[in-house]
Amino acid sequence: MKTIEYNFFVEEMSCASCVSRVEKALRKIDGVIDVSVNLATEKATVKANADVKLETLMAAVDKAGYHAVKISEPEIHAKDVSKQASVWPIIISVILALPFVLPMLFELFGIHWMMPAWLQLVIASIVQFGLGAKFYRSGFNAAKALSGNMDLLVAIGTSAAYGLSLYQLIIGHADHLYFESSVVIITLILIGKWLESRAKHQTTQAIEALSALRPEVALVRQGEQEVSLPISQVKVNDVVVIKPGERIPVDGIVLEGASSCDESMLTGESFPVTKTLNSTVTGGTINGEGLLIVKTTAIQADSMLSKIIAMVESAQAKKAPIQRIVDRISAIFVPVILLIALITLLAWGFISHDWQQALLHAVAVLVIACPCALGLATPTAIMVGTGVAARHGILIKDAEALETLHNINTVAFDKTGTLTIGKPELVELDVLGMETADQILSVAASMQAGSEHPLAKAILAKAKSYSYAQNITSIAGSGVMATIDSHEYYLGSLRWMKTLNAYFVDMQDKVNELTQKGYTISFLAKQQSENSIVILAIFGFSDVIKPEAKSAIDALRQLKVNTVMLTGDNQQAANYVGQQLNLDKVIAEVLPQDKANYIYQLQKDSQNNNQNNNKVAMVGDGINDAPALAAADIGIAMGTGTDVAMHTASITLMRGNLFLIADAIDISRRTYNKIKQNLFWAFFYNLIGIPLAALGFLNPMIAGAAMALSSVSVVTNTLLLKRWKARSE
């Protein structure tokens, strides 16, 4: 059956327990295949059979006690949570809390002052049932669903402090009121949630920055006129006019004009890219100094920018494997805390017989035990990590790939187009006769003018000038012969030269030298007389190693990652590249369909003493190497990020800089470390705070401050990832 993916926002979630409850409610619906709810973005992603309606999913969320909101515009990719959090409730709450806090400060200076009891009751009631109403709503819905969340803990804790104070007031004990506990706790929690929402907003900036690249209008040529149209009205094959300095609105092909484009926001590449006739341009990039006339090839959801945003968004929405452990813990967290609070109340009450103090200790347990930090620990790190990577041209497909990548200890490379430029260049020319190198190149270029053969293009690129030869004849599998200035010339392989009796024994050393380097060799010969053909020059062609390849391999070695090359090239050519780059292993003469088997073998090859199997990443172009990319633990596609590359590989590198591989592993390791740090701090607050509160060492107000600080510190720690610098820069 056909499946469909739905996305919508879920409001009023406060902690990891809320996430678990929403996911549980959605999974109960028949036809739902997979559910992922992100606390940081407040977004639900549901994969379901086509007969499941969005309205059914949203109704289930509402029934669970939360509020589902449609994503009405396709442009909306991340909810700006900071704009949803108004500062006015915070200001009002702080003003109302000050009369309760000031007497504590005055005590330090020997000033004894306290508000009248009736005024304390009025102010506390406004804060408790007005500003704190959201905790009651959310907590009631959780209790109704036989579940629990942070808001339920806060509602119970502050209500206990408020109720105890009200009881004391009624029986005439106005000197023992605890209204300040409920007021200050609610104020601190509101401040913490507001700071948290502001910090969470910064984790969505990568998506927002990409979304901001979308131009709203395009200048479309219609007949002899140029009409400004909303981007939604532009169609494929429309001709779009892009003026100097404008942001390119569509993906397309250049029909007229020449310019350079700033593609740094998409690829991370700081240098402008030249665009001429038939060059491709990408929507969202910036046109430079020239006017471009472009035929549209993709718009809106089909554009490269949209696919990049979708990929980054998908990575941020999905859960890392480590998050599943957190989900299991959070599901039982609130009931356990309620039990601990009850035990604290009863134990203190029966031992000390001071039930007021026992109740305050139980309140402290409820308030400090906030599972919010647990819920934010992993998704915020995933969001920032994938966002920072995307800004540097590293597109990570999902959270599982980001987590797996940190454990990679072997990287297997395809050779052509990955470690090398991907096209042959003339790297050596040995002239054997009296002619100069320029004369030899001119003759060879004249024989191949107009040819599309890669070796011909390499010669034409080096020649300073050439004319057109006559009687050009191509000999299949051998070479080409032609007439220039009444002389017959031959350009071709060693085997052909032997057939023409134009081969000499004293050339063997040179041929052996070039062969050992893995060069492709061609010869230029000239008909000297009826029975004499003389070789004039030897050409050595090679697919040149990328300039940064050696340093990039060294960077991987610094990360303690083994390097392997899998190539279909002959063993000699492969060995030469392997020696130049100091690779750990070279496997040559491998057919594309057999590369996957070598990946499996590498995974079984226990080179790391600490692991039974290697974690292998395969780096290729995403098309010819698709089986190997799929077989590897992580597939990394080099180049321009084509559709095939994006769908086959776990990671797509938007430019061909090999340093991005080490960068990808590095950001993965740093992100994973942040996740572990965040989980440590989230558990640390609870493991230290709950016993202290239960033993009576924390009053409820300090517990409230610690609870608010836990969430803010987790998100702030995550945001330190934004300072990461790539090696490729």
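Student: Which residue in E11 stands opposite Gly252?

Tutor: Gly252 stands opposite Val281 there. This is a predicted model, where local features need pLDDT of at least 70, side-chain atom pairs count only at pLDDT 80 or more, and totals for chains, interfaces and linings use all residues. Residues are numbered from 1 along each chain as its sequence is written, and side-chain values use heavy atoms, with hydrogens and water left out.

Student: OK, and how many bridges link E8 and E11?

Tutor: Two, with E8 and strand E11 (residues 280-281) running antiparallel. Two strands count as paired if DSSP finds at least two bridges between them. The labels come from DSSP runs numbered from the N terminus: helices are H or I with at least four residues, strands are E with at least two.

Student: Which residues make up E8, and how does E8 sit with E13?

Tutor: E8 covers residues 251-256, and five bridges join it to strand E13 (residues 292-298) in the antiparallel sense. Within that pair, Glu256 stands opposite Ile293 of E13.

Student: How many bridges between E9 and E12?

Tutor: Strand E9 (residues 259-262) and E12 share two bridges. The partner of Asp262 in E12 is Ile286.

Student: Helices now. Which residues of H21 are buried?

Tutor: In H21 (residues 549-558) they are Ala549, Ala552, Ile553, Ala555 and Leu556. They span an arc of only 155 degrees around the axis, which puts them on the same side of H21. That arc is taken from the directions from the helix axis to the C-beta atoms. As for the cut-offs, buried is under 20% relative accessible area, exposed is over 50%, and partly exposed lies in between (1.4 Å probe, protein chains only).

Student: What do those buried H21 residues pack against?

Tutor: Their neighbours include strand E15 (410-414), helix H16 (415-419), strand E21 (532-545) and helix H26 (659-694). Strand E22 (562-566) and helix H22 (571-581) are on the list too. Contact here means heavy atoms within 4.5 Å.

Student: And H5, how far does it reach end to end?

Tutor: H5 (residues 117-131) reaches 20 Å from its first C-alpha to its last, close to the 21 Å expected at 1.5 Å a residue for its 15 residues. The expected span is 1.5 Å times one less than the number of residues. Its buried residues are Ala117, Gln120, Ile123, Ala124, Val127, Gln128 and Leu131. Those cover an arc of only 130 degrees, which puts them on the same side of H5.

Student: What about Asn582, where is that?

Tutor: Asn582 is in the loop between H22 and strand E23 (585-587). Its phi is positive, about 60 degrees, although it is not a glycine, and at 42% relative accessibility it counts as partly exposed. Lys560, which follows H21, also has a positive phi, near 65 degrees.

Student: Which side chain does Thr45 make a polar contact with?

Tutor: The side chain of Asn7, at 2.9 Å. A polar contact is a pair of N or O atoms within 3.5 Å; within protein, one must be able to donate a hydrogen and the other to accept it, and residues adjacent in sequence count only if both atoms are side-chain atoms. Thr45 is in strand E3 (residues 43-49) and is buried at 13% relative accessibility.

Student: Last one: what does Ala362 touch?

Tutor: Ala341, Thr344 and Leu345, leaving aside residues up to four places away in sequence. Ala362 is in helix H13 (residues 355-368) and is buried at 5% relative accessibility.
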